[in-house]
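Me: Hi, could you walk me through this one? I'd like to go over the ligands and then a few backbone details.

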Amino acid sequence: MTIERIDLALLKLPYVHFFETSFGREYDRTFIIVKVYAGGICGYGEVVASEAPLYSSETTTTAWYVLKEFLIPLVFEKSVSGPEEFYKQARRFRGHLMAKAGLELALWDLKAKQAGLPLWKIYGGVQNKIPAGVSCGIEDSLPELIDRIGAYLEEGYQRIKIKIKPGWDVEACRAVREKFPDLPLQVDANGAYILADKEHLKKLDAFGLLMVEQPFPPYDLWDHSRLQKEMTTPLCLDESILSETTARQAFEMGSCRIINIKVGRVGGMVEAKKIHDFCRANGIPVWCGGMLESGIGRAHNLHIASLPNFKFPNDLSASNRYYKQDLIDPEIVLEKGGFIKVPEGPGIGVNPVDDRIRKATIRHETFKK
Ligand code: OSB
Ligand code: MG
């Protein structure tokens with residue numbers, strides 16, 4: 001079915017609580033929602049690039065530009081109607097993986113809605129409830145971190161991830177471990193260290209962590225392999241894994257033992273599935289990372305996390321952990337035992353509320369064939 005129209009909207013939503021990583025502290029999130037229309041059906045996608053090029057080199061502005069000037073015209077000019085065809089065509093453009101993923105996800109939602117099936121069925125998912133974890137930002141003090149973790153555990157989350165950076169690492173782990181000796185716990189540095197910190201990072205082996213995520217910057221696969229050789233705790237790569245090829249290279253070099261899959265980071269679900277399948281064939285467990293998505297992006301992540309090689313609790317939390325009012329109705333909730341249900345309706349299976357989207361929109365543009 002021909003794509004008749006594509007809409008882009010730039011939104012800003014305030015967080016319920018600030019989120020601080022080794023990049024800095026943020027109070028709200030700016031992101032792009034993509035809508036694709038065909039035959040009276042609308043597919044939704046989310047572009048996870050943020051305002052500043054901190055997590056990756058993409059920003060909301062570069063994503064908007066690349067969508068408007070290259071990716072949307074490609075869909076119309078080549079009469080692209082589905083996500084796999086979009087993936088093949090869009091590969092001619094280098095990089096801009098988050099921009100590509102947002103449009104590809106909208107096409108996946110559309111395709112599943114056209115078929116009347118939930119996305120997880122189209123993807124070959126096997127789990128209908130997803131183990132939920134929380135990613136905890138850096139706080140002003142260790143007691144505040146401990147209080148926050150206590151509150152999340154009270155709500156029922158299965159595991160906690162804390163953000164670390166130089167000056168907020170070993171002592172933070174020690175404090176959390178003292179208070180919660182048996183808690184499934186992991187840490188994420190977002191690339192804040194360098195190889196010279198190797199001896200310091202090895203101290204993290206003392207805390208029984210599930211994994212240490214992305215200690216070094218994205219391009220340092222080799223340095224990660226040097227650190228992994230000397231640590232007992234598994235390393236997990238996030239920012240470094242951009243494709244099935246980088247996943248294979250990380251595996252061959254021994255740069256990590258676990259991979260975080262984020263569909264936005266790798267350019268869409270076609271590539272995410274390739275990474276998933278490669279990891280499954282080679283005994284590397286994966287889990288689903290998050291980018292503090294709205295309910296639209298998080299619903300997409302729930303379907304992806306239903307695939308069989310997702311083996312750890314995920315950075316997938318309920319709507320009320322992120323936003324006062326999510327963009328979808330009903331919102332995403334945490335079930336007993338610390339799970340989130342995979343939506344059962346067609347496509348992403350959740351209902352975006354147009355009025356809420358409109359209220360949060362700061363820029364909007366419609367494109368037609
Ligand atoms: O590294 O996993 C990360 C949020 C923004 C950018 C990078 C990361 C994160 C998170 C949030 O950890 C996880 C979530 O969405 O719950
Ligand atoms: Mg991460």
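Me: Which polar backbone atom is 2.8 Å from an oxygen atom of ligand 1?
Reply: That one belongs to leucine 292. Keep in mind that this is a predicted model.

Me: Thanks! How much of the accessible area of ligand 1 does the protein cover?
Reply: The protein covers 95% of the 390 Å² that ligand 1 has on its own.

Me: And where does ligand 1 sit?
Reply: You'll find ligand 1 in the largest pocket.

Me: Which residues come nearest to ligand 1?
Reply: There are 15 residues around ligand 1, and the nearest are Ser135, Asp188, Asn190, Leu292 and Tyr322. By class, the shell holds seven charged, five nonpolar and three polar residues.

Me: What does lysine 262 do there, in terms of distance to ligand 1?
Reply: An N or O atom in the side chain of lysine 262 is 3.0 Å from an oxygen atom of ligand 1. Methionine 291 uses its backbone instead: an N or O atom there lies 3.4 Å from an oxygen atom of the ligand.

Me: OK, on to the metal. What coordinates the magnesium ion (ligand 2)?
Reply: Asp188 (OD), Glu213 (OE) and Asp238 (OD) coordinate the magnesium ion, at 2.1 to 2.3 Å.

Me: Nice. Changing topic: is the peptide bond from aspartate 329 to proline 330 cis or trans?
Reply: That bond is cis, with omega near -5°. Proline 330 is in the loop between strand 12 (328–329) and strand 13 (339–341).

Me: Last one: what is phi of histidine 96 near?
Reply: Phi is near 50° for histidine 96, a positive value in a residue other than glycine.

Me: And where is histidine 96?
Reply: Histidine 96 is in the loop between helix 2 (83–90) and helix 3 (97–115).

Key: Residues numbered from 1 in each chain as written. Chains lettered and ligands numbered in written order. Predicted model: local features only at pLDDT ≥ 70, side-chain atom pairs only at ≥ 80, totals over all residues. Heavy atoms only, no water. Near = heavy atom within 4 Å. Polar contact = N/O pair within 3.5 Å; in protein donor to acceptor, adjacent residues only side chain to side chain. Areas by Shrake-Rupley, 256 points an atom, 1.4 Å probe, with all protein chains shown as cover. 1 Å grid on protein atoms, 1.4 Å probe; cavity = no way out; pocket = protein on both sides within 12 Å on 5 of 7 lines; lining within 4 Å. Sits in = over half its atoms within 2 Å of the grid points. Nonpolar A, V, L, I, M, F, W, Y, C, P; charged D, E, K, R; others polar. Donors = N, O, S within 2.8 Å, 3.2 Å for Na, K, Ca; no water. Helix = DSSP H or I, 4+ residues; strand = E, 2+ residues; numbered from the N terminus.
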